[in-house]
Every structure is written in C-alpha cells, then in structure tokens.
Amino acid sequence: MRAMQCTAYGDPEELILAEIELPPPGPGEVAIDVHVAGVNFADALMIAGTYQEKPPIPFSPGFEAAGIVTAVGDGVRRVAPGDRVMALVDWGAYAAGLIAREADIFPIPDAMDFTIAAGLPITYGTAHGALVWRAGLQAGEVLLVHGAAGGVGLAAVEVGKALGATVIATARSEARLAIAADHGADHTVDTIDEDIRERVLEITGGRGADVVFDPVGGDIFDASLRCTAWGGRLLVIGFAGGRVPKIPANILLVKNLAVLGLYWGAYRRRAPDLLAAEFAQLFDWYANGQIRPRVSHSADLAHAAKALALLRSREATGKIVLTVADG
C-alpha cells in the first residue's frame, strides 16, 4: 500500500511516497482501509521532531482518518469488517491502511461521508471538550471565538451555537468572517480593522464575554483578558499566532477569571469513555444539521507537503484533508 513516510526529522517537503506492508491487527486492534486522512498543525511538528511524541523513523504522520474496517484482532467486539469508521491514532494516518486500538475507533453515521468524518475528530472533539468539559458553557452565555474561520475555531462557533450560546467570532478578513457568520456566529469582529476589546464590550453592553475560546494566543489573548466578563473563563487551545502569552495574575484576581488549558488528545488514554459520549453527541448534532463541518481543501496523499504548507499559512478555512485510498 502507498504511504507518505518521514525518513528523517525535518520539513514536510522531505516526506517521500513509499510502498509499505500493513501488519495484521493484534489483540484489541483494528485494521482500516483508509479513504481520507485529516491534516493538522501537529503533523508538521511531529515531522520536525518537535512534537511531544517522537515516533521511530521511518513513520507515516497523521492523527485522524476515516475508512472501512478490513480485519479485527482477538477480543474486538465494537466493530467488524465492513464497518465505516473514523479513527484516532498516535501517528500513521497518511497511509492507505492503518492499525488502531479498538477504543480509538468510532463507527460513523450512514449519512456522513469519509471526507467529513476524517476532518471531524480533532477539531470538533477539541471544541466540544473545551466548551463542555472545561468551560461548562451554558445556554444564554456569550462565547467569544478567535480564529473563527479556521478548523477548530469554526467548530467552536458551531458547538457554541448548538449549546445555546450567543457567539462572537473574530477573524482577519471580511471573507473569513462571512464563513463564521454562515456557520452560526451572531456577531463578527475583524481583528485587522477593529479593536477587539471595544467591539466585544459594545456588543455585550459593557459586560464582556462569559467564555473565550482562543487557539491563537499572542495579542489576541491579551485583548481577551480585557473584554471577559467578571467570573469568565478563558480557554487556551493553542498559539497559532506564534507568541505564547504571559498572564498577568492581577487581572485574574480582580475579575475572578479562570484560565483553562485543553490538550484534547490526552483524553484518548485518560478518559476514553468521554470521547465515546462526545462523538455520539456530535453525530446527533450532525444528523440534525446543527453542525456542518467545512472542508475547504482536499489533496491527494502525494501532495501532503503542499497541504501542510497551506495549513501553516493560515489561509485555509475549515479543514484540509488528504484523499488516501489506493487505486
């Protein structure tokens, strides 16, 4: 089968397209014929050797995939050959087949195609986990979402609306804000031409946002501290803007703020039952039309480096995926 292989830590452009053999699944494992793989920022970090996990060389990057079960190992009960599934793995999704733990396999609804399924787990899992598990977002609260046209930001807009929040979306252009509005944002703020603090306070009548979802960091986070409501919660999701912010504790004290981090991937090992319930909720919302995952770009597996370059440029909206299946 074909696979994109990292043969030395470095840049995505150094990945090679190779033919490899997939081993049979062991006890508790599932073999999947991969049709589509999701593309994530962390893929490039793993290729560079700067991610928290360093696979043995050579390896195929990629954390999420969707396809068809081809074989199961001893003890597997939740899925069977022929099932349509999405999968989460430590690495290996940039290949026409993969082996995953049964606990990391989730059957997908009949109405969900592989492209949507491959791009859903990490972005929507992160958005849901942050807003529900960490922030406890309630219906009627105000949610401020930064980077709202990116993959995880757009997911947060939709999850926030599904939970009954009023959503304020920020992004870097009118075109990107239009995408956020199309996916449910009630108000939009252009971070290039508008002052975030002033606009959020204007929209909320001076009260501020109850919850802030921030995958950007840097100056965006600094502005958020000053337009969060008393008793509000700030979710640290990532640092796409490049600078990891330093948090002035005096502001947290005066405004009774909580700053909450989320590394969603840790739940796969620490609380897998939460993921199963989470995806059941997301699938229900998808069936009801409450979430509409957006895939803005799709590329063949052989063009993985170009897909990662597009993602790192922050010009893509929604999700980028790779079509993987052989033949």
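Is the crossing of α3 and α4 left-handed or right-handed? The crossing of these two helices is right-handed, where right-handed denotes that the near helix is turned clockwise from the far one by less than a right angle, and left-handed that it is turned anticlockwise.

The structure is a predicted model, in which local features need pLDDT of at least 70 and side-chain atom pairs count only at pLDDT 80 or more, whereas totals for chains, interfaces and linings use all residues. Residues are numbered from 1 along each chain as its sequence is written, and side-chain values use heavy atoms, with hydrogens and water left out.

**Helix packing**

Two packed helices are described by the angle between their axes and the distance between the axes. Helices (H or I, at least four residues) and strands (E, at least two) are DSSP runs, numbered from the N terminus. Axes are lines fitted to C-alpha atoms, for helices over the stretch in contact, and angles run from 0 to 180 degrees between N-to-C directions.

| Helix pair | Axes come within | Crossing angle |
|---|---|---|
| α3 (residues 121-134) and α4 (residues 151-162) | 8 Å | roughly 50° |
| α3 and α10 | 10 Å | roughly 105° |

Helix α3 is roughly perpendicular to α10, while α3 and α4 are oblique to each other. Here angles under 35 degrees count as roughly parallel, over 145 as roughly antiparallel, 65 to 115 as roughly perpendicular and the rest as oblique.

Contact means heavy atoms within 4.5 Å. Towards α4, helix α3 contributes T123, Y124, T126, A127, H128 and L131, and these meet G151, V152, A155, A156, E158, V159 and G160 of α4. Towards α10, the contact is made by P121, Y124, G125, H128, G129 and W133 of α3, together with L274, L275, E278, F279, Q281, L282 and W285 of α10.

**Aromatic pairs and charges over rings**

A pair of aromatic rings is described by the distance of the centres and the angle of the planes. The structure holds 6 aromatic pairs; rings of Phe, Tyr and Trp (its six-membered ring) pair if their centres lie within 6.5 Å, and planes under 30 degrees apart count as stacked, over 60 as edge-to-face and the rest as tilted.

One of these pairs joins Y9 and F59, whose ring centres are 6.3 Å apart with planes at 50°, so the pair is tilted. Y9 lies in the loop between β1 (2-5) and β2 (16-19), and F59 in the loop between α1 (41-48) and β4 (64-72), so the pair ties together parts that are 50 residues apart in sequence. F59 is buried at 3% relative accessibility, whereas Y9 is partly exposed at 32%; buried means under 20% relative accessible area, exposed over 50% and partly exposed in between (1.4 Å probe, protein chains only).

Another pair is formed by W264 and F279, with ring centres 6.2 Å apart and planes at 75°, so the arrangement is edge-to-face. W264 lies in the loop between β13 (258-261) and α9 (267-270), and F279 in helix α10 (residues 272-287), so this pair ties together parts that are 15 residues apart in sequence.

**Helix α1 and backbone features**

The buried residues of α1 are A42, D43, A44, M46 and I47, and their cover includes β3 (29-38) and α11 (304-312). Just after α1, G49 takes a positive phi of about 80°. In the loop between α1 and β4 lies P58, which a cis peptide bond with omega of about -5° joins to I57.

N256 is a residue other than glycine with a positive phi, near 55°. N256 is found in the loop between α8 (249-255) and β13 and is partly exposed, with a relative accessible area of 42%.

**Two further residues**

H187 lies in strand β10 (residues 187-190) and is partly exposed at 31% relative accessible area. Leaving aside neighbours within four places in sequence, H187 is in contact with T166, V167, I168, A169 and I203. G82, in the loop between β4 and β5 (84-88), is partly exposed at 49% and touches I68 and V69, not counting residues up to four places away in sequence.
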